Amino acid sequence: MDGVLDWAWRLDVGQVVGFALLENMVLFLIAVVVGNAMLRLPTVVRLLPDPGRISRLQVWLAGGAILMNSLVTVAGWGLWKAGIIHLNADPGLRVLTDFVLLLLLMDLLMYAGHAVAHRPRLFPLAHALHHRFVDARPATLYALHPLEILGFGGLWLAALATHAFSVWAILAYTAVNLIFGIFGHLGVEVLPPAARRSRVFRWVATPTLHAGHHVEPAVNLGFYTSIWDRLFGTLAPDYDERRRSTEPEPYALVA
C-alpha cells in the first residue's frame with residue numbers, strides 16, 4: 001500500500017482527474033449491475049412500484065453525479081497533498097477500529113446533513129430532486145442534485161481530515177457505502193426474514209429503511225444504521241414491524 005500511495009503522490013492533476021473519472025464510472029457500473037442482480041434474488045419482496053425503463057433525466061443526473069463525485073475525489077487528493085488529510089497504510093487491528101469509527105462518524109454526519117436537507121426552506125433547492133424518484137431503481141442512487149453531491153462530498157472530506165484513517169479502512173468504507181446505497185435504492189427488500197428479525201438488523205439499516213424514506217420523507221433519515229433515527233425520534237412507527245414481517249406489505253404511495 002505504501003507503494004500505491006507513493007505512486008498517487010507523484011501524479012499530476014490531469015492524471016488524477018482521469019483516474020477519478022474512471023473510478024467513479026466503474027463504481028456506477030457496479031451499482032447498476034449488482035443492483036439488477038439483486039432484484040433477481042429469490043428472497044426479493046417488492047416495496048415500491050416497478051419503475052420500468054430508466055428516464056432520460058435519470059441518465060443525465062447519473063452522468064452529472066459521476067462528474068461531481070470525481071471532483072470530490074480530486075479535491076480529496078489535493079487536500080492530502082496539502083497536508084490537510086493524512087493517510088495511514090499500516091495493516092493490523094487499526095484497520096478495523098478505523099473502519100468502525102469512520103462508518104459511525106459518516107453515519108452521524110450524513111444523518112445530520114440529510115435532516116438539514118429536509119428543512120422546508122432548503123428541501124426545494126436540491127434534495128427534492130432525489131425525491132421525485134419514489135419508484136426507486138439502482139440508478140436512483142445517482143439521481144442527485146449537484147449541490148447535494150458536493151454537500152455530502154464535503155462532509156466526507158471533513159471526516160477524513162479529522163483523523164489519519166487507515167487506507168484499508170477507507171477502501172472498506174467505500175465498498176460498504178456502495179452496498180448500502182444499492183440496497184437502499186432497489187425498491188425491494190432483499191434480506192430474508194430470519195436476517196431482518198435478528199438483533200443485528202435492529203440497528204443495521206435494511207433496504208426497507210430507505211424505501212420507507214422515499215415514501216415518507218420526514219422519517220428514516222439514516223443510511224447505515226437506525227441508531228440516529230431511534231435516538232432523535234425520526235424512525236417510522238411501523239419500521240420494526242415491517243422489518244420483522246415475513247412478507248412486508250408494499251408501501252402505499254400518496255396520489
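Which residues line the second largest pocket? In this predicted model, local features need pLDDT of at least 70 and side-chain atom pairs count only at pLDDT 80 or more, whereas totals for chains, interfaces and linings use all residues. Residues are numbered from 1 along each chain as its sequence is written, and side-chain values use heavy atoms, with hydrogens and water left out.

The lining of the second largest pocket consists of Gly113, Val116, Ala117, Leu122, Leu125, Ala126, His127, Leu147, Glu148, Gly151, Phe152 and Leu155. A pocket is here an open set of points on a 1 Å grid over the protein atoms alone, where a 1.4 Å probe fits, with protein on both sides within 12 Å along at least five of seven lines, and lining residues have an atom within 4 Å of a point. The elements that each contribute two or more residues to this lining are α4 and α5 (helices being DSSP runs of H or I with at least four residues, numbered from the N terminus), and α5 provides the largest share, five residues.

Thr234 lies in the loop between α10 (227-232) and α11 (239-244), and it counts as buried because its relative accessibility is 15%, buried meaning under 20% relative accessible area with a 1.4 Å probe and protein chains only.

How values were computed. Buried means under 20% relative accessible area, exposed over 50%, partly exposed in between (1.4 Å probe, protein chains only).
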